[in-house]
Amino acid sequence: MEQQEQFDAVLAADERIEPRDWMPEKYRATLIRQIAQHAHSEIIGMQPEGAWLTKAPSLRRKAILLAKVQDEAGHGMYLYSAAETLGVDRSDLLDRLHTGAQKYSTIFNYPTLEWADVGVIGWLVDGAAIVNQVPLCRCSYGPYARAMIRICKEESFHQRQGFEMLLALRDGTDGQRAMLQDAVNRWWWPSLMMFGPPDGASANSSASMAWKIKRHSNDDLRQRFVDMTVPQADVLGVRLPDNDLRWNAERNSHDFGEIDWEEFARVVKGDGPCNTERIERRTAAHTEGEWVREAATAYARKQAAKVGAA
Amino acid sequence: MSEWPLWEVFVRPRRGLGHAHVGSLHAPDAEMALRNARDLYTRRQEGVSIWVVPAGSITASSPEEKDSFFDPAGDKVYRHPTFYTLPPEVDHL
Ligand SMILES: [Fe+2]
Ligand SMILES: [Fe+2]
C-alpha cells in the first residue's frame with residue numbers, strides 16, 4: 001500500500017513515473033500496449049509514403065520525402081526504446097506486430113494512389129498525429145513523455161512540407177487541383193478516425209485519464225483537429241467532403257458529420273484496403289534482413305575474440 | 001529475445017555541456033551502436049559527441065531506498081548559502 005501511495009502522490013504532484021519506480025501492473029500493461037502500438041504505427045507508417053520515394057517528381061521532393069520517412073523510422077525506434085524500459089523485449093514486440101497480436105493505427109491501411117496523397121498525408125495525417133501527440137509530451141510516464149517531445153519537434157517539419165507541396169498543386173494545373181481534391185476526399189474521414197472511437201465507446205480512456213497517460217478525450221482532440229483544419233482547407237481551396245460540416249456559433253466550434261464507425265471496426269479487424277499488404281511487406285523486410293543481423297553478430301563476435309587474443 | 005545487446009545513448013548537445021541520456025538502441029557491438037546512435041539521435045545536428053554504454057554495465061541507485069539513500073543530505077541545511085543571515089550591505093555574498 002505504501003508503494004501505491006507513493007505512486008499516487010507522484011501523479012497527484014504531476015511529476016513523472018520513471019522506469020525503476022513501482023507501478024500498478026495495469027498501468028504498466030496499458031503503457032506497454034499503447035507505446036508498442038504507437039511504435040508499430042510509426043514503422044508501418046513508412047510504407048504508404050515510402051511507395052512514392054522512387055516516383056517523387058523532383059530531387060528536392062525526393063530528398064524531403066526520404067528525410068520524412070527516415071524520421072518515422074526514428075520515431076518507431078524512440079518508442080520501442082521507451083517500451084523496453086517497462087521490461088519488454090523489442091523483438092517480442094516486433095513479433096507481436098507481425099502476428100497481428102498488437103495493432104497499429106488504422107490510417108496506414110489506406111493506399112497512396114496519387115502523388116497528392118503524399119502531401120495530404122503530411123497535412124492531415126501528420127496534422128492529426130500532432131494533435132494527438134502534443135498532450136503526450138506531458139504523459140505521466142517519463143520515457144514516453146521524453147520520446148514524444150523529440151517526436152513532436154520533428155513532426156512540425158512533416159506537416160509543413162506536406163502543406164507546401166499542396167500549395168504547389170493548388171497553384172498548378174486543373175488536373176493537379178483535381179488530384180489534390182480527390183486525395184482530400186479519400187483521406188479526410190480516415191484522418192478523423194485516428195483519434196479513436198467516440199468517448200462513450202472508448203474502452204481504455206477513463207483509466208488512462210486517471211493515470212495521466214491521456215490528458216484529453218478522443219472527441220475533444222478530434223474537435224480540436226477539425227477546428228484547426230477547416231481554415232487550412234480554405235487556404236488550399238479544397239472542400240472537406242462533409243455536407244454537415246459548418247460553424248456553430250453557440251458551441252464556438254464546427255459541427256461535423258457522423259463518422260463511419262463500421263468502416264473503422266472493419267479496418268481494425270484487418271479488413272482494410274491494405275492490411276495484408278502492410279504486414280506482408282513488414283514481415284518480408286524482417287525476414288530478408290535476417291542474414292544482415294547474423295553477419296553483424298558474427299563480425300562482432302570475431303572482433304571481440306581478436307581483442308581477447310591480443 | 002533480441003540477439004543484439006541494448007546500449008544506452010548519451011549525447012553532448014554542444015561544447016561546454018555534459019553528455020545527457022537520450023534513449024537506447026540495440027547493436028551487435030560498440031562501433032555499430034555509435035553509428036546507429038548518430039543516425040537515430042543526431043539527424044539534425046543535436047550533438048557533437050556521443051557515448052554508448054552497454055545497458056547492463058550501469059549500476060543505479062534503487063528508487064525503493066530513495067528516502068534512506070538520500071537522507072544524509074536532508075538535515076544539512078547549513079550546506080546552502082541561504083542558511084546564513086548577513087547584514088544587507090554584504091548580503092550579495
Ligand atoms: Fe511520426
Ligand atoms: Fe510524421
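Trainee: How are the donor residues of the iron ion (ligand 1) spaced in sequence?

Mentor: They follow the pattern E-x29-E-x2-H-x79-E. Before we go on, keep in mind that this is a predicted model, where local features need pLDDT of at least 70, side-chain atom pairs count only at pLDDT 80 or more, and totals for chains, interfaces and linings use all residues. As for the bookkeeping, residues are numbered from 1 along each chain as its sequence is written, chains are lettered from A and ligands numbered from 1 in the order in which they are written, and side-chain values use heavy atoms, with hydrogens and water left out.

Trainee: Got it. What makes A:Glu42 (OE) and A:His75 (ND1) count among the atoms that coordinate the iron ion (ligand 1)?

Mentor: Distance. A donor is an N, O or S atom within 2.8 Å of the metal (3.2 Å for Na, K and Ca), and since water is not among the atoms, sites may look incomplete. Here A:Glu42 (OE), A:Glu72 (OE), A:His75 (ND1) and A:Glu155 (OE) sit at 2.1 to 2.4 Å, so they pass that cut-off.

Trainee: Why is the site of the iron ion (ligand 1) called irregular?

Mentor: Check the angles among its four donor atoms: they run from 82 to 154°. Four donors count as tetrahedral if all angles lie between 85 and 135 degrees; four count as square planar, and six as octahedral, if opposite donors are over 155 degrees apart and all others between 65 and 115; anything else is irregular. By the way, A:His75 belongs to helix α4 (residues 59–84) of chain A and A:Glu155 to helix α7 (residues 142–170), so the pair links parts of the chain 80 residues apart (helices are DSSP runs of H or I, at least four residues, and strands are runs of E, at least two, numbered from the N terminus).

Trainee: Which residue coordinates both the iron ion (ligand 1) and the iron ion (ligand 2)?

Mentor: A:Glu72 does, and the two ions are 3.3 Å apart. The iron ion (ligand 2) is held by A:Glu72 (OE), A:Asp126 (OD), two OE contacts from A:Glu155, and A:His158 (ND1), at 2.0 to 2.8 Å. Along the chain its donors are spaced E-x53-D-x28-E-x2-H.

Trainee: How do you know whether A:Asp126 is buried or exposed?

Mentor: Buried means under 20% relative accessible area, exposed over 50%, and partly exposed in between (1.4 Å probe, protein chains only). A:Asp126 has 4%, so it counts as buried. A:Glu155, at 1%, is buried too.

Trainee: What makes A:Glu25 and A:Arg28 a salt bridge?

Mentor: The rule asks for a side-chain nitrogen of Lys or Arg within 4 Å of a carboxyl oxygen of Asp or Glu. Their N to O distance is 3.6 Å, so the pair qualifies. Both residues lie in helix α2 (residues 25–44) of chain A, three residues apart, about one turn of the helix. A:Glu25 is exposed because its relative accessible area is 56%, while A:Arg28, at 19%, counts as buried. Over all chains, the count is 26 salt bridges.

Trainee: Why is chain B called more spread out than a compact globule?

Mentor: First, its layout: the elements run β-β-α-β-α from the N terminus on. The radius of gyration is taken over C-alpha atoms, and the globule rule is 2.2 Å times the number of residues to the power 0.38. For 93 residues that rule gives 12 Å, but chain B comes to 21 Å, well over it, so the chain is more spread out. Its C-alpha trace spans about 65 × 35 × 15 Å along the principal axes, and 24% of its residues count as buried.
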